[in-house]
Amino acid sequence: CCLFELLAGFNPFSCKHTGLQTRNEGTRRAQVKFTKHVPSSAKQLLNALLDRNVKTRLGCQGKGVEEVISPKFHFWRGIDMTRIRRGNHPVPWLPEKGVIYAASQSEMLENDDDPNG
């Protein structure tokens, strides 16, 4: 769900995006809808991570994160997982000191229609 939010900019189960009464109801029943901003390489990965069936959900098959970062997902292409594990992968971007990149609290609340979860 976090990866979806990072890529799409909203929670896939929020009331605002599902039309359902609660986010909990959205989590149980809503179809995940991708915006044009979500790369096609991420959709297979996200669908597997958001699978409601714990028996088939990615990351729940006994190998944890190794299932998630599998090279079978095109989303990870070009990322050297060995270097990431060692902690010596180049940093793709560093924020400028003193610059605030986050939206204001009121803007964040506008995008999160269910502040209580």
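## A first look at an all-helix model

Glu 66 is partly exposed, with a relative accessible area of 43%. This residue is a handy starting point for a tour of the structure, which is a predicted model.

The side chain of Glu 66 meets that of Arg 85 in a salt bridge, with 2.8 Å from N to O. Arg 85 belongs to helix H6 and Glu 66 to helix H5, so the pair ties together parts that lie 19 residues apart in sequence. Side chains of opposite charge can pair when their charged atoms come close.

The whole structure holds 2 salt bridges. Glu 25 and Arg 29 also meet through their side chains, at 2.9 Å from N to O. Both sit in helix H3 (residues 23-29), 4 residues apart, which means that about one helical turn separates them.

| Residue | Relative accessible area | State |
|---|---|---|
| Glu 25 | 18% | buried |
| Arg 29 | 53% | exposed |
| Glu 66 | 43% | partly exposed |
| Trp 93 | 53% | exposed |

Now for the overall picture. The protein has 7 helices and 0 strands. Of its 117 residues, 26% are buried. Its accessible surface is about 8,600 Å², and carbon and sulfur atoms account for 54% of that.

Next comes the inside. In soluble globular proteins, nonpolar side chains tend to be buried together. The largest nonpolar core here has 17 residues, and Phe 4, Leu 45 and Trp 76 touch the most other members. Helices H1 and H4 each supply at least two residues of this core, and H4 gives the most, with 3 residues. Leaving aside residues up to four places away in sequence, Trp 76 touches Leu 45, Val 68, Ile 69, Ser 70 and Met 81.

Helix H4 spans residues 40-49, and its buried residues are Ala 42, Leu 45 and Leu 46. These three lie on the same side of H4, because the arc they cover around the axis is only 100°. Their cover includes helix H1 (2-8) and helix H5 (65-68).

Finally, back to the outside. Trp 93, Val 99 and Tyr 101 form a nonpolar patch on the surface, with about 340 Å² of accessible area together. Trp 93 is found in the loop between helix H6 (81-86) and helix H7 (105-111).

Conventions. Residues are numbered from 1 along each chain as its sequence is written. This is a predicted model: local features need pLDDT of at least 70, side-chain atom pairs count only at pLDDT 80 or more; totals for chains, interfaces and linings use all residues. Side-chain values use heavy atoms; hydrogens and water are left out. Buried means under 20% relative accessible area, exposed over 50%, partly exposed in between (1.4 Å probe, protein chains only). The arc is that of the directions from the helix axis to the C-beta atoms. Contact means heavy atoms within 4.5 Å. Patches are made of residues with over 30% relative accessible area and no salt bridge: like charges are joined within 9 Å, nonpolar side chains (Val, Leu, Ile, Met, Phe, Trp, Tyr) within 5 Å. Accessible areas come from the Shrake-Rupley method with a 1.4 Å probe; for residues, only the protein chains shown count as cover. A salt bridge is a side-chain nitrogen of Lys or Arg within 4 Å of a carboxyl oxygen of Asp or Glu. A nonpolar core is a set of buried Ala, Val, Leu, Ile, Met, Phe, Trp, Tyr and Cys residues joined through side-chain atoms within 4.5 Å.
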